[in-house]
Amino acid sequence: MITVVDYYVVASILFAIGALGFLLRKNVLVMFMSVELMLNSANLVLVASAKSFDLARGSAFALVSVAVAAAEVGVGLAIIIALFRLKATVDAEEITNLRG
Amino acid sequence: MEVLERVAFYVMAVIAVASALLVVVNRNPVASAMSLVGTFLAVAGLYLTLNATFLSAIQVLVYAGAIMVLFLFVIMLLNLEREPFDLPGFGRIAGFALSVVLLFSLISLALNATARPETSARGGSGAEIGDVFFSDYLFPFEMASLLLLVAMVGVIVVARRRKPEEEEEGEA
């Protein structure tokens, strides 16, 4: 029997892989994709746990979080484009303007 | 049916984890983006196994459709080359160790959770979600639309090409 715990485990693995990508990669775009991965795993936990309570309500929560993710991706990619115009690179280690 | 459910879950879970790993491992950003589509579709499949049918459709439309198109457009706009391979330094080894610790602590947390009986009052169909949104959660729903509008305006302001005279103003 597949229980909610199995979904939690899958979401944990996805979240850890997202964290790994965010910490190891230097390409800002791939780091951003890893953040999307982590957001997705959080959504998965939300929906899986909603199954024991009220799936419609949990799906509504997850839907709002999808809308927030969409807005976040738009703004984040716009910032990456502006950054690329400024520095001509997407390497996170070369972007040090804010370093004192 | 029981066996079928199990098989569907394991297939989707394996695809999700494998393509998530490919996102991180691939050195070509376009290949990473394509693997990310695989993860999104597999998570949509996991939503289907949870009976969250509407959310599964939204996942395919918004994530695998809209967000990925945005990513691919930006990758092609920036015309990136492959990342060169370099030896891992202290920071990357620390990052790897940190995410392994994160993985095990999250899994131990997940295994400690008690599986409650799956007695959902309502299903995850579009009609039932619409019922929730237009009764209890009308305000969050409207706030989400406002958020998307603000994000749209913000994206245009941030990403637009500035005229030279404005550039000087910004620096002054």
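Chain A has a radius of gyration of 17 Å, whereas a compact globule of 100 residues would have one near 13 Å. The radius is taken over C-alpha atoms, and the globule rule is 2.2 Å times the number of residues to the power 0.38. This is a predicted model, in which local features need pLDDT of at least 70, side-chain atom pairs count only at pLDDT 80 or more, and totals for chains, interfaces and linings use all residues. Residues are numbered from 1 along each chain as its sequence is written, chains are lettered from A and ligands numbered from 1 in the order in which they are written, and side-chain values use heavy atoms, with hydrogens and water left out.

Along its principal axes, the C-alpha trace of chain A spans about 50 × 25 × 20 Å. Chain A holds three helices and zero strands. Helices (H or I, at least four residues) and strands (E, at least two) are DSSP runs, numbered from the N terminus. The pattern along the sequence of chain A is α-α-α. Of the 100 residues of chain A, 61% count as buried. Buried means under 20% relative accessible area, exposed over 50%, and partly exposed in between (1.4 Å probe, protein chains only). The accessible surface of chain A is about 3,700 Å². Carbon and sulfur atoms own 69% of that surface. Such areas come from the Shrake-Rupley method with a 1.4 Å probe; for residues, only the protein chains shown count as cover.

Contacts were also counted by sequence separation. In chain A, among contacts between residues at least 6 apart in sequence, 55% join residues at least 24 apart. A contact means heavy atoms within 4.5 Å.

Confidence was computed for chain A. The mean pLDDT of chain A is 90, and 99% of the residues score at least 70. The pLDDT is the predictor's confidence in each residue, from 0 to 100. Among the helices of chain A, confidence is highest in H1 (residues 4–24), at a mean of 94, and lowest in H3 (residues 55–87), at 91.

Helix H2 of chain A covers residues 28–50. Its 23 residues reach 33 Å from the first C-alpha to the last, close to the 33 Å expected at 1.5 Å a residue. The expected span of a helix is 1.5 Å times one less than its number of residues. In H2(A), 18 of the 23 residues are buried, so this helix is largely enclosed by the rest of the structure. At the start of H2(A), a side-chain oxygen of Asn27(A) comes to within 2.9 Å of the backbone nitrogen of Leu29(A).

Helix H3(A) has 33 residues, which should span 48 Å at 1.5 Å a residue. The end C-alpha atoms of H3(A) are 46 Å apart, which agrees. After H3(A) comes Ala88(A), with a positive phi near 55 degrees.

The loop between H2 and H3 of chain A contains Asp54(A). Asp54(A) is buried, at 13% relative accessible area. The side chain of Asp54(A) makes a polar contact of 2.7 Å with the side chain of Arg122(B). A polar contact is a pair of N or O atoms within 3.5 Å; within protein, one must be able to donate a hydrogen and the other to accept it, and residues adjacent in sequence count only if both atoms are side-chain atoms. Neighbours within four places in sequence aside, Asp54(A) is in contact with Ser120(B), Ala121(B) and Arg122(B).

Chain B has seven helices and zero strands. Chain B has a radius of gyration of 21 Å, while a compact globule of 172 residues would have one near 16 Å. The C-alpha atoms of chain B fill a box of roughly 65 × 50 × 25 Å along the principal axes. Buried residues make up 30% of the 172 in chain B. The accessible surface of chain B is about 10,600 Å², with 72% belonging to carbon and sulfur atoms. Residues 24 or more positions apart supply 51% of the chain B contacts that have a separation of 6 or more.

Val3(B) lies in helix H1 (residues 2–25) of chain B. Val3(B) is exposed, at 60% relative accessibility. Ser35(B) sits in helix H2 (residues 29–49) of chain B. Ser35(B) is buried, at 9% relative accessible area. The side chain of Ser35(B) reaches the backbone oxygen of Ala31(B) at 2.8 Å. Beyond neighbours within four places in sequence, Ser35(B) is in contact with Ser19(B), Leu22(B), Val23(B) and Asn26(B).
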